[in-house]
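Hi everyone, thanks for making time for this one. I'd like to walk you through a model, so please have the viewer open.

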Amino acid sequence: MARYELVKRSVALITLTNPPVNALSSAVRHGIAKTMERALSDPKVTAVVICGENGRFCGGADIREFAGPLRGPPLVPLLDSIEAGEKPVVAAIEGVALGGGLELALFCHYRIAHFKARLGLPEVTLGILPAAGGTQRLPRLIGIPAALELITTGRHVSAQEALKLGIVDQVTEQNACEVAVEFALRAVAKPLSSRRLSSLTTPCPPNLDALLEAVTMQIQKKARGVMAPLACVQAVRAAATMPYSQGIKRESELMATLFNSGQARALQYCFFAERTAGKWTLPSGAQWNDIKPREIRSAAVIGLGTMGRGIAVSLARVGIPVIAVESDKKLLETGRQMVIGMLERDAKRRGVSASHNLLKFTLGLQDLKDVDLVIEAVFEDMALKKSVFRELSKVCRPATLFCTNTSGLDVDALAGVTDRPQLVIGMHFFSPAHVMKLLEVVCGPRSSSEIVATAMSLGKRMGKVSVAVGNCPGFVGNRMLKPYSDQATFLLEEGATPEQIDKALEDFGFAMGVFRMSDLAGLDVGWRVRKESGLTGPDVDPKNPPRRRQGRKYCPIPDMVCEQGRFGQKTGRGWYMYDKPGGTKAKPDPLIQNLIEMYRNRYGIQPRNITDQEIIERCLFALANEGFRILEDGIAARPEDIDVIYLFGYGFPRHRGGPMFYASMVGLQRVLERLEHYHQAHPDVPHLEPSPLLKKLVACGSPPVQKWREHIKTMHSHL
Ligand SMILES: CCCCCCC/C=C/C(=O)SCCNC(=O)CCNC(=O)[C@H](O)C(C)(C)COP(=O)(O)OP(=O)(O)OC[C@H]1O[C@@H](n2cnc3c(N)ncnc32)[C@H](O)[C@@H]1OP(=O)(O)O
């Protein structure tokens with residue numbers, strides 16, 4: 001796991017060999033210990049270079065090992081021996097030096113980076129801190145403010161920025177190992193004492209307390225309830241106020257508080273879930289690593305509304321020529337200006353030049369005859385979408401792939417009107433499409449494995465986290481949203497206020513509670529869907545009992561809010577009031593309070609005191625319960641896929657892992673008991689009835705989330 005060679009007759013070259021990222025597994029740590037001992041004791045060796053195989057220095061500690069008992073040599077004493085030695089040790093950083101990888105490099109006396117390398121201490125994103133000396137050594141090297149920022153955010157820096165900050169000594173465009181070997185030979189005669197970071201005093205700003213206080217407040221505001229960044233601040237404080245030997249002990253104590261925490265487990269689960277989601281499998285056995293995606297050299301986007309514009313930008317900025325289509329001249333011109341503006345702002349932010357030349361704008365579908373792929377993003381109306389696909393079938397060459405950006409319509413019904421149902425798939429982008437990372441790739445029963453592979457690979461190319469899901473109303477994300485938001489409105493009827501419910505959800509970790517989020521998204525969208533599905537509006541049979549629709553409990557309060565023209569932020573009024581249309585600062589509105597009170601009086605509902613615990617349980621357990629049903633129905637292949645959808649598309653707090661992981665952390669038995677309890681109290685709410693899969697998992701002893709698949713695999717898959 002660490003290869004030893006003697007080069008240039010006196011330099012020991014130690015290469016970490018643990019593909020794909022040369023993580024510091026127990027075997028690698030053994031390898032480093034053995035090879036370093038050999039290098040330091042061999043009189044022929046005057047200097048040492050450490051590098052990683054396959055152009056990657058080191059991706060840090062092996063995260064998979066965190067789940068079990070720690071084996072192998074502990075990292076800090078091992079690395080101490082590198083720094084303490086009398087022979088210069090140079091880290092040759094290619095690819096990445098992350099987490100324990102950068103910490104290893106910080107124990108070396110010198111660091112040479114390839115110009116394409118990325119460096120960072122991302123431990124905080126995994127719920128832990130850089131406990132291999134990183135919190136004590138980086139501040140000594142680059143000062144408190146810069147180290148604090150890198151350690152508390154986990155941000156990766158480029159080699160050039162690392163050079164500016166003083167993290168590396170040289171950046172090269174040549175082979176970093178070869179440059180490091182030459183560097184090491186030149187360093188042989190030089191004194192090493194000033195190169196040992198543990199012996200340096202941390203340069204301390206005069207306003208240390210104020211700085212730490214400001215960063216703490218910023219973290220508490222941005223990452224409410226998240227432990228690791230706060231522990232990082234405390235560790236960096238120790239670097240500023242304690243000698244190294246005590247600081248390193250403090251680092252280790254703080255790590256102990258985080259290492260086995262639920263938050264660390266959740267964040268590490270998220271890391272792997274995100275990677276698992278890309279590994280799709282279809283019932284036919286076709287899967288991500290054996291189907292070749294088609295190469296997409298040109299694309300078209302139909303409809304330049306909010307979604308279409310974001311999709312066009314997402315395609316053009318990764319170098320795909322795009323033809324954008326609108327139905328009338330004025331809309332086309334507005335769309336053109338918006339897309340170009342977005343592309344320019346995006347390019348400016350990324351420090352690259354905008355790719356205008358990749359965009360063409362047209363009024364005619366006939367211009368699409370030669371494109372490789374079309375993404376339809378017209379208004380969410382089945383008849384309109386069908387007419388677009390009928391036209392496309394006439395115009396496009398037979399091999400063109402057809403994608404629909406719908407948030408919940410039947411993808412197979414659309415495929416059915418085309419001449420190529422096997423080449424039709426859903427690509428559900430989230431708004432704004434050039435910002436949001438999630439893409440649901442909706443596989444219809446007739447979608448071929450080739451189009452699934454192509455849509456997944458295109459999503460990846462556009463920088464999206466793509467998840468393959470089956471075709472049902474709302475797919476995964478929006479289907480689960482309904483029971484969640486229904487519970488919130490039922491709780492309003494029963495005695496809660498929008499601000500109380502939002503606060504409970506925000507304290508849980510959501511960036512926005514359900515009502516603030518609905519105000520942002522626009523309340524009219526859901527109202528239209530409810531009207532179309534006959535839940536409200538003139539089509540509802542007047543004989544229908546109040547507060548019941550289609551045989552189950554229904555809360556009309558959201559419809560009453562819309563009837564008053566309150567559509568959320570855009571109208572300046574919604575569940576909250578805003579200072580102006582488009583305003584973002586939500587204030588509780590006494591008119592909403594009156595509306596709810598009048599409603600309760602009309603139906604004789606006696607408001608009761610509702611606890612935050614009940615809000616969280618009812619909203620989140622109903623959400624997870626629908627997730628279990630989605631797994632049963634084969635609409636999602638794995639709980640990880642559902643969690644990734646909620647993390648990237650719906651603002652579920654990452655340190656809770658996603659709705660399915662959260663349910664497993666609470667304990668499936670407890671979730672089952674609480675759902676049974678709430679269902680007994682509300683028998684007319686089917687979403688509260690525990691799903692058969694939840695019951696089955698509890699009966700099997702509540703296996704960890706990674707094992708649920710074994711209990712679902714016999715079930716029918718719609719993927
Ligand atoms: C023994 C206890 C010591 C305590 C010491 C505490 C101090 C140190 C702590 C740490 O170092 S924690 C780890 C910090 N490092 C990271 O967070 C980096 C994580 N990895 C990445 O960001 C990326 O993987 C990458 C390195 C930038 C490469 O990205 P790329 O897109 O090229 O590939 P991926 O698909 O992400 O990864 C490929 C493959 O490798 C697995 N993997 C990546 N990093 C690790 C890791 N550190 N440990 C274990 N496995 C890792 C990843 O899951 C993929 O696996 P597969 O999906 O292919 O199975």
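Let me begin with a convention: helices (H or I, at least four residues) and strands (E, at least two) are DSSP runs, numbered from the N terminus. Axes are lines fitted to C-alpha atoms, for helices over the stretch in contact, and angles run from 0 to 180 degrees between N-to-C directions. Two residues are in contact if their C-beta atoms, placed from the backbone, lie within 7 Å. Please keep in mind that this is a predicted model, where local features need pLDDT of at least 70, side-chain atom pairs count only at pLDDT 80 or more, and totals for chains, interfaces and linings use all residues. Residues are numbered from 1 along each chain as its sequence is written.

With that in place, helix H3 (residues 100–107) lies across S5 and S7, and runs at about 90° to S5. Those strands belong to an open sheet of 3 strands, ordered S5-S7-S8 with mixed pairing; pairing takes at least two DSSP bridges between two strands. S5 and strand S8 (156–158) are the edges, each pairing on one side only. The twist from one strand to the next averages 20°. Strand S7 (residues 118–120) runs antiparallel to S8, with 3 bridges joining them, and Leu119 has Val157 as its bridge partner in S8.

Now, which residues come closest to the ligand? They are Gly59, Gly60, Ala61, Gly99 and Gly100, in a shell of 24 residues, where a residue is near if its C-beta atom, placed from the backbone, lies within 6 Å. Strand S5 (96–98) and helix H11 (262–277) are the elements giving two or more residues to that shell.

Next, two cis peptide bonds to look at. One joins Pro19 and Pro20, with omega about 5°, and Pro20 sits in the loop between strand S2 (11–16) and helix H1 (26–41). Another joins Ser431 and Pro432, with omega about -5°.

Finally, positive phi in residues other than glycine. Phe475 has phi near 55°, and Gln550 has about 50°. Are they buried or exposed? Phe475 is buried, because 26 other C-beta atoms lie within 10 Å, whereas Gln550 is exposed, with 9. The cut-offs are 20 or more for buried, 12 or fewer for exposed, and partly exposed in between, counting other C-beta atoms within 10 Å of the residue's own, all placed from the backbone.
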